[in-house]
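Open the model in the viewer and show the side chains. The stops below are given in the order in which to select them.

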Amino acid sequence: MSGETILGRRPVEILARAALRAATALVLAYIAMPLALVVWLSFMAGEIMVVPPEGYSLRWYGVAWNQDQLRSGFVTSLWVAAVATTLGLLVTVPASFALARGRFPGREAVLQLLMSPLIVPGIVIGASIYVFLVQVEIETGLPLAGSAWGIVVAHLLLTVPWCVRLVTANLVGVNRSVEEAALSLGASPLVTALTVTLPMIWPGLVAAAVFGFVVSFGNIEVSLFLVAPGQTTLPIAILQYLQWKIDPTIAAVSVAQIVLIGAALVATSRITNLGKVV
Amino acid sequence: MAGIRIESLAKRYNAVSAVDGVTLDVRDGEFLVLLGPSGCGKTTTLRMIAGFVAPSEGCVRIGARDVTHEPPYRRNIGLVFQNYALFPHLTVEENVAFGLRRRRVGEAAIRTRVATALSRVKLDGFGGRYPRAMSGGQQQRVAIARAIVIEPDVLLLDEPLSNLDAQLRHDVRGELRRLQTELGITTIMVTHDQDEAMSVADRLAVMEKGQVRQVGTPSEIYRRPADRFVASFVGRANFYAGRAERGIFVTASGLRLPVADLAEGADTLMIRPEAVGLRPAGADGLAATVETATYLGAGWELELRLAGGERLSVVAPDAGEHWRQGQILTAHVAPTAGVGMRTGS
């Protein structure tokens with residue numbers, strides 16, 4: 001007995017492989033656990049969450065839909081994320097061109113500044129913007145604090161770092177001779193950027209939009225200071241609901257949110273190779 | 001169509017000169033090749049003509065126009081890159097149409113001109129494809145069609161063949177030359193490959209260290225190189241140190257070789273390996289011993305040692321002899337075979 005198996009692998013190798021598989025499965029299960037639990041919870045019939053559940057039902061989805069607070073929070077989150085992402089791209093695409101192409105003093109500093117919202121705690125961003133808006137409101141009389149535009153302004157800070165990082169990374173990867181070819185054929189730098197460069201980094205733009213949207217949609221700490229009655233984002237609405245009631249309604253809302261974001265990510269990876277552009 | 005005139009063109013990066021005073025006159029319809037090793041400044045020169053690099057000094061004229069300060073998109077040049085640089089998101093047809101659309105040519109005219117250009121590079125029927133679905137040779141032909149369809153004043157080619165494999169390189173360079181002659185378009189090509197340069201050029205400009213060493217037809221450059229660098233860059237060569245004495249070149253070891261058109265002051269003699277004739281021992285010429293003999297099918301490659309101790313490389317066509325190591329023979333160097341030059345240092 002030399003320890004050889006029919007497959008030509010030694011038992012130690014087989015054991016090692018099994019151990020690797022088990023460890024991988026364990027980690028994946030750990031990551032999937034909250035998702036699975038929330039989905040399970042959302043279908044439980046009883047008002048109180050017990051295991052084993054009293055039965056299964058779809059009633060909490062109906063309850064969630066009929067909660068005005070949650071529904072309007074969902075709508076607010078949706079358009080805030082959409083506007084913040086669009087504005088984010090409008091700001092960062094030109095900025096990324098300058099950062100990826102230009103050589104100017106302070107280039108690195110500008111890049112770090114645009115990335116800095118990532119390192120400032122969200123609660124600090126939210127609080128400072130709130131204070132700022134209140135000050136502006138006192139000075140100018142414009143009703144900014146407590147308006148949804150305040151949330152949009154704050155969420156712009158969330159989308160900008162993601163967009164800058166993804167768009168510059170994609171721009172750096174563009175073959176410069178393709179742009180030079182366009183210039184030699186008579187396209188001005190602006191026309192070259194619009195007709196050649198942007199279509200070439202299209203996957204990066206889609207990825208930037210999706211990440212910006214997801215980050216804004218799920219944010220709670222930046223929005224915390226900026227919401228007002230009637231102008232509440234979904235995560236805040238969920239928080240407020242949980243303060244006086246715990247039932248599977250929130251699980252149902254979470255499932256809806258997971259499905260929405262999951263669909264966006266799946267759609268993106270269909271258009272682009274997310275693993276490649278991020 | 002127009003000629004190109006470059007005057008004392010220079011490009012310095014901080015203290016380093018990439019191009020150091022290049023003056024060239026390219027005639028209308030001429031095919032000029034900038035030949036040199038990497039880092040000699042040939043690509044920088046081309047990029048200054050194209051408008052991507054701003055010269056530190058000098059000017060570029062296309063026809064009567066001084067374009068030194070014009071951006072690339074106002075120069076009316078056709079440019080072909082080493083890596084093809086096709087627009088990956090556009091079909092072949094739209095790639096070729098790109099320059100015409102920028103010029104606001106009408107839709108019907110675009111269609112006919114694109115079709116003509118594609119058929120010139122033998123790509124009829126490929127219009128609907130995307131570049132990624134084509135081979136390197138086909139992509140390069142699309143790039144050529146895209147450059148010529150705009151009827152540029154000049155065509156600039158930056159190492160257009162170096163990404164292609166050997167056989168394709170041979171075919172495409174033939175096509176390139178044919179196309180250039182048909183269109184009569186003034187063309188400058190950059191390459192480091194002397195075979196490629198020789199085979200397509202009307203004239204070559206050999207560059208080294210940011211300067212043009214010599215300009216001439218391929219045969220002028222090959223047969224009468226101006227200096228040692230040019231001589232060895234365009235082919236194999238034997239060099240001998242010595243001095244000129246009234247039409248006779250005297251080598252350091254005392255060999256005396258009559259040389260036609262020998263300039264006084266020449267201190268180096270160059271002899272091409274294939275310019276040497278081989279004769280039986282005792283014939284008129286230089287007595288030599290075969291050190292190595294290699295049969296190559298089409299001919300022989302011999303390393304000879306001359307009586308004075310010098311080595312002489314010879315390439316001779318296969319005339320039925322069988323050369324062996326140690327054999328004694330006579331090497332005949334005709335007066336027109338040697339070229340005297342001054343190395344300067």
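Start with the aromatic rings: the structure, a predicted model, holds 10 aromatic pairs over all chains. Rings of Phe, Tyr and Trp (its six-membered ring) pair if their centres lie within 6.5 Å; planes under 30 degrees apart count as stacked, over 60 as edge-to-face and the rest as tilted.

Select B:Phe229 and B:Phe233. Their ring centres are 5.6 Å apart and the planes meet at 20°, so this pair is stacked. Both belong to helix 8 (residues 228-233) of chain B, where being 4 residues apart separates them by about one helical turn. Helices (H or I, at least four residues) and strands (E, at least two) are DSSP runs, numbered from the N terminus. B:Phe233 counts as buried, at 19% relative accessibility; buried means under 20% relative accessible area, exposed over 50%, partly exposed in between (1.4 Å probe, protein chains only).

Next, select B:Tyr295 and B:Trp300. With centres 5.1 Å apart and planes at 55°, this pair is tilted.

Move to chain A and select A:Phe74, A:Phe213 and A:Phe217, which form one aromatic cluster.

Two arginines over rings come next. A charge sits over a ring if NZ of Lys or CZ of Arg is within 6 Å of the ring centre and within 35 degrees of the ring normal. A:Arg71 lies over the face of A:Trp65, 5.3 Å from the ring centre. In chain B, B:Arg272 lies over the face of B:Tyr222, at 4.0 Å from the ring centre.

Now display helix 2 (residues 59-66) and helix 11 (residues 249-271) of chain A. Their axes are 8 Å apart and they pack at an angle of about 85°. Axes are lines fitted to C-alpha atoms, for helices over the stretch in contact, and angles run from 0 to 180 degrees between N-to-C directions. Helix 2 and helix 11 of chain A are therefore roughly perpendicular to each other (the class for 65 to 115 degrees). A:Trp60, A:Tyr61, A:Val63 and A:Ala64 of helix 2 make the contact with A:Thr249, A:Ala252, A:Val253 and A:Val255 of helix 11; contact means heavy atoms within 4.5 Å. Also in helix 11 of chain A is A:Thr268, which is buried, with a relative accessible area of 2%.

Return to chain B for the cores. A nonpolar core is a set of buried Ala, Val, Leu, Ile, Met, Phe, Trp, Tyr and Cys residues joined through side-chain atoms within 4.5 Å. The largest has 85 residues, and those touching the most other members include B:Val33, B:Phe87, B:Leu156 and B:Ile188. Helix 4 (residues 136-148) of chain B contributes the largest share of this core, 6 residues. Apart from it lies another core, of 27 residues, including B:Leu255 and B:Ala316.

Finish at two loops. B:Tyr84, between strand 6 (77-80) and helix 2 (92-102) of chain B, has a phi near 70°, a positive value in a residue other than glycine. B:Lys122, between helix 3 (107-120) and helix 4 of chain B, has a positive phi of about 60°.

Residues are numbered from 1 along each chain as its sequence is written, and chains are lettered from A and ligands numbered from 1 in the order in which they are written. In this predicted model, local features need pLDDT of at least 70, side-chain atom pairs count only at pLDDT 80 or more, and totals for chains, interfaces and linings use all residues, while side-chain values use heavy atoms, with hydrogens and water left out.

Definitions and conventions
Angles under 35 degrees count as roughly parallel, over 145 as roughly antiparallel, 65 to 115 as roughly perpendicular and the rest as oblique.
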